[in-house]
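Here is my note on the model you sent. Please read it with the structure open.

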Amino acid sequence: MGALAWRWALRAARLPGRGGVAVTAPRRSPGCRPAASAAMSSGSSSSGTRDEALRDKRTQILSRGLPKQKPIEGVKQVLILASGKGGVGKSTAAVNIALALAANDSTKEVGLLDADIYGPSIPKMMNLKGNPELTPKNLMRPLKNYGIACMSMGFLIEETAPVVWRGLMVMSAVEKLLRQVDWGQLDYLVIDMPPGTGDVQLSVSQNIPIAGAVIISTPQDIALLDARKGAEMFRKVHVPVLGLVQNMSVFQCPKCKHETHIFGADGVRDLAKSLRLDILGDIPLHVNVRETCDSGQPVVISQPQSDAAKAYLRIAMEIVRRLPVPPA
């Protein structure tokens, strides 16, 4: 199935070649001058014509409005976990919150989508390898572990292979991961978003109905700047922000039990007040959180009685409380 899945990935991004590297160049007929030379020779009248054409094109695009949102077949509610800045523990939180949602209510089916095309981390954290099988309808079957259905670009490429794609190709691949996957019947689909406020965030927000977004941030000032941008972006695209999670909030020395606020104290709480949002919980900075995810045994599963696991379980409960009533 490896070659078949890779061909699927290439088709998804409409790549002209193999290996995940897309290099495109504009075609030119023989004898044609470069665009820059033509522009210089045509003078101001040509420039004015181009400006007018661009304005007309922009008007046409704006008149179409946003794409109509279409639910993912079989998925009741979509939950987004996002951060403005990378390196704040968002993927670790996404994995453990997905597991906590299932642990809090065994009747619920939970899925996890890794929307970070360039740096997928869900396969390692969920201890999953291999290529998805295809159904008779040519849909990919998610890989499953700990009762969570998972899908990631990491299942379709080699672990060390870089994805060197342009924005439109990434958006197309994300669309395929959403639509061309047999998710079955899910109560919650947790989407681990890449850092930032770019193409993937807009594509996901505008194409599927989202029940709520959760912003993950450390208390560090530089992380809070981007967390604010992330929250404001979701508001602009009419995605309800359920609240903020303060990650790596405090470090407790394992020997003397002294607590140190390495990244600052209560920075996310102050941001939540200014944005008029709720704090869903605090996750301590603990070596077990990192070690368990690196080994593919997230702390909610491997150490359910630990303080970190209990923090994730409480956050999952707070998220469910704030979600709208799912469709029947």
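Two strands pair if DSSP finds at least two bridges between them. Helices (H or I, at least four residues) and strands (E, at least two) are DSSP runs, numbered from the N terminus.

1. **Basis.** This is a predicted model: local features need pLDDT of at least 70, side-chain atom pairs count only at pLDDT 80 or more, and totals for chains, interfaces and linings use all residues. Residues are numbered from 1 along each chain as its sequence is written, and side-chain values use heavy atoms, with hydrogens and water left out.

2. **Confidence.** pLDDT is the predictor's confidence in each residue, from 0 to 100. The protein chain has a mean pLDDT of 83, and 82% of its residues reach 70 or more. Residues 14-42 are below 50; beyond near neighbours in sequence, this stretch has 28 contacts in the model (contact: heavy atoms within 4.5 Å). Where pLDDT is low, the predicted coordinates should not be read in detail.

3. **Overall figures.** The protein chain has 11 helices and nine strands. Of its 328 residues, 44% are buried. Buried means under 20% relative accessible area, exposed over 50%, partly exposed in between (1.4 Å probe, protein chains only). The accessible surface is about 17,400 Å², and 53% of that belongs to carbon and sulfur atoms. Areas come from the Shrake-Rupley method with a 1.4 Å probe; for residues, only the protein chains shown count as cover. Among contacts in the chain with a separation of 6 or more, 76% are between residues 24 or more positions apart.

4. **Strand β5.** Start with residues 186-192. Seven of the seven residues in β5 are buried. Strand β1 (residues 75-82) runs parallel to β5, and six bridges join the two. Strand β2 (residues 110-114) also pairs with β5 in the parallel sense, over five bridges. Leu 189 of β5 stands opposite Val 78. Leu 189 is also the bridge partner of Gly 111.

5. **Asp 192 and Lys 90.** How far apart are the polar atoms that join the side chains of Asp 192 and Lys 90? The polar contact is 2.8 Å. A polar contact is a pair of N or O atoms within 3.5 Å; within protein, one must be able to donate a hydrogen and the other to accept it, and residues adjacent in sequence count only if both atoms are side-chain atoms. Asp 192 lies in strand β5, Lys 90 in helix α3. Asp 192 is buried at 0% relative accessibility. Lys 90 is buried at 7%. The Lys 90 side chain also reaches the backbone oxygen of Met 193 at 2.5 Å.

6. **Surroundings of that pair.** Leaving aside neighbours within four places in sequence, Asp 192 is in contact with residues including Leu 81, Ser 91, Leu 113, Asp 114 and Ser 121.

7. **Salt bridges.** The structure holds 12. A salt bridge is a side-chain nitrogen of Lys or Arg within 4 Å of a carboxyl oxygen of Asp or Glu. Lys 76 forms one with Asp 187, with the closest N and O atoms 3.6 Å apart. This pair links distant parts of the chain: Lys 76 is in β1 and Asp 187 in β5, 111 residues apart. Lys 76 is partly exposed at 42% relative accessible area, whereas Asp 187 is buried at 12%.

8. **Lys 85 and Asp 226.** The closest N and O atoms of this salt bridge are 3.0 Å apart. Lys 85 lies in the loop between β1 and α3 (90-104) and Asp 226 in helix α7 (residues 221-236), so the pair ties together parts that are 141 residues apart in sequence. Lys 85 is partly exposed at 27%. Asp 226 counts as buried at 16%.

9. **Asp 282 and Arg 269.** Check the geometry here: the closest N and O atoms of this salt bridge are 2.4 Å apart. Asp 282 is in strand β9 (residues 279-285) and Arg 269 in helix α8 (residues 267-275), so the pair ties together parts 13 residues apart in sequence. Asp 282 is partly exposed at 22%. Arg 269 is partly exposed at 33%.

10. **A network.** Salt bridges also link Asp 278, Glu 318, Arg 321 and Arg 322 in a network.
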